[in-house]
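Please keep the structure open beside the text as you read.

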Amino acid sequence: MTTGPPDFFKYNLWANLRLLDACTHLSDAQLDATTKGTFGSVRETLMHMLTAEEGYARSVTGNIPTTPQLRELTQLPDFDELRRRAKRTGEELIRFAEQAGQGNLNKILHLDGGTYDAPVIVVVIQAINHAIDHRSQIATLLSQQDIEPPDLDSWAYNDAMRERP
């Protein structure tokens with residue numbers, strides 16, 4: 001088994017899909033609940049997290065044409081659509097990580113309309129960190145409503161991967 005940078009994105013995709021599955025049957029009131037110390041409601045945080053991930057993937061790959069982009073939507077799409085988009089973005093990031101050489105990771109990207117420069121590796125780190133942070137916030141929002149959040153840590157990921165045939 002080969003391991004390396006793609007594993008971070010494989011984990012990220014697994015965690016995103018598992019979180020979406022856990023949120024699928026929430027009521028509107030549960031999706032709209034907020035608490036201090038989080039980005040916003042479950043709904044807002046999911047939209048923000050997945051929108052940003054599409055942006056990170058677009059920045060490092062030049063791909064992920066989504067119509068319309070999540071950030072242009074005013075309402076949370078249905079969970080089937082969110083899963084499709086999360087899967088497409090996650091798979092694109094995995095492919096990127098599998099093919100990226102050191103030169104690709106050192107390339108400087110001109111972000112935010114050219115006002116901010118960063119190497120690709122920083123965007124890669126941000127993509128993983130951003131998702132973990134917001135998944136944790138959603139877990140907090142669920143816990144505050146007495147809803148058991150899914151176990152999304154690396155141990156649960158390892159167990160899930162070992163169960164695959």
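Helices (H or I, at least four residues) and strands (E, at least two) are DSSP runs, numbered from the N terminus. Helix H6, for instance, holds Ile125. The model is a predicted one, in which local features need pLDDT of at least 70 and side-chain atom pairs count only at pLDDT 80 or more, while totals for chains, interfaces and linings use all residues. Residues are numbered from 1 along each chain as its sequence is written, and side-chain values use heavy atoms, with hydrogens and water left out.

## The fold and its core

Let us begin with the overall layout. The protein chain contains seven helices and two strands, and along the sequence they follow the pattern α-α-α-α-α-β-β-α-α.

Next comes burial. A residue is called buried under 20% relative accessible area, exposed over 50%, and partly exposed in between (1.4 Å probe, protein chains only). The protein chain has 165 residues, and 44% of them are buried.

A nonpolar core is a set of buried Ala, Val, Leu, Ile, Met, Phe, Trp, Tyr and Cys residues joined through side-chain atoms within 4.5 Å. Which residues touch the most other members of the largest nonpolar core? They are Phe9, Leu20, Cys23, Val42 and Leu46, in a core of 43 residues. At least two residues of this core come from each of helix H1 (5–23), helix H3 (42–61), helix H4 (79–99), strand S1 (108–111), H6 and H7. H1 gives the most, with nine residues. In soluble globular proteins, nonpolar side chains tend to be buried together.

Helix H4 is also the place of Ala97, a buried residue with a relative accessible area of 11%. The C-alpha atoms of Ala97 and Thr61 are 9.9 Å apart, although 36 residues separate the two along the chain.

## Salt bridges

Side chains of opposite charge can pair when their charged atoms come close. The term salt bridge is used here for a side-chain nitrogen of Lys or Arg within 4 Å of a carboxyl oxygen of Asp or Glu.

| Pair | N to O distance |
|---|---|
| Arg83 and Asp21 | 2.7 Å |
| Glu81 and Arg84 | 3.0 Å |
| Arg95 and Glu92 | 2.8 Å |

The salt bridge between Arg83 and Asp21 links distant parts of the chain, with Arg83 in helix H4 and Asp21 in helix H1, 62 residues apart. Both partners count as partly exposed: Arg83 has 28% relative accessibility and Asp21 has 40%.

Glu81 and Arg84 are separated by about one helical turn because they sit three residues apart in helix H4. Glu81 is partly exposed at 23% relative accessible area. Glu81 and Arg84 also belong to a network of salt bridges that links them with Glu54 and Arg85.

Arg95 and Glu92 lie three residues apart in helix H4, so about one helical turn separates them. Is Glu92 buried or exposed? Glu92 counts as buried, at 14% relative accessibility, whereas Arg95 is partly exposed, with a relative accessible area of 38%.

## Surface patches and loops

Patches are made of residues with over 30% relative accessible area and no salt bridge; like charges are joined within 9 Å, and nonpolar side chains (Val, Leu, Ile, Met, Phe, Trp, Tyr) within 5 Å. Accessible areas come from the Shrake-Rupley method with a 1.4 Å probe, and for residues only the protein chains shown count as cover.

Ile121, Val122 and Ile125 make a nonpolar surface patch of about 230 Å². Ile125 counts as exposed, with 54% relative accessibility.

A patch of negative charge on the surface gathers Glu148, Asp151, Asp153, Asp159 and Glu163. Lys and Arg count as positive and Asp and Glu as negative, with His and the chain ends not counted. The place of a charge is taken as NZ of Lys, CZ of Arg, CG of Asp or CD of Glu. Glu148 lies in the loop between helix H6 (120–144) and helix H7 (154–163) and is exposed, with a relative accessible area of 71%.

The loop between H6 and H7 also holds Asp146. Asp146 has a positive phi, near 60°, in a residue other than glycine, and is exposed at 77% relative accessibility. Asp112, in the loop between S1 and strand S2 (116–119), has a positive phi of about 50° although it is not a glycine. Asp112 is exposed too, with a relative accessible area of 61%.
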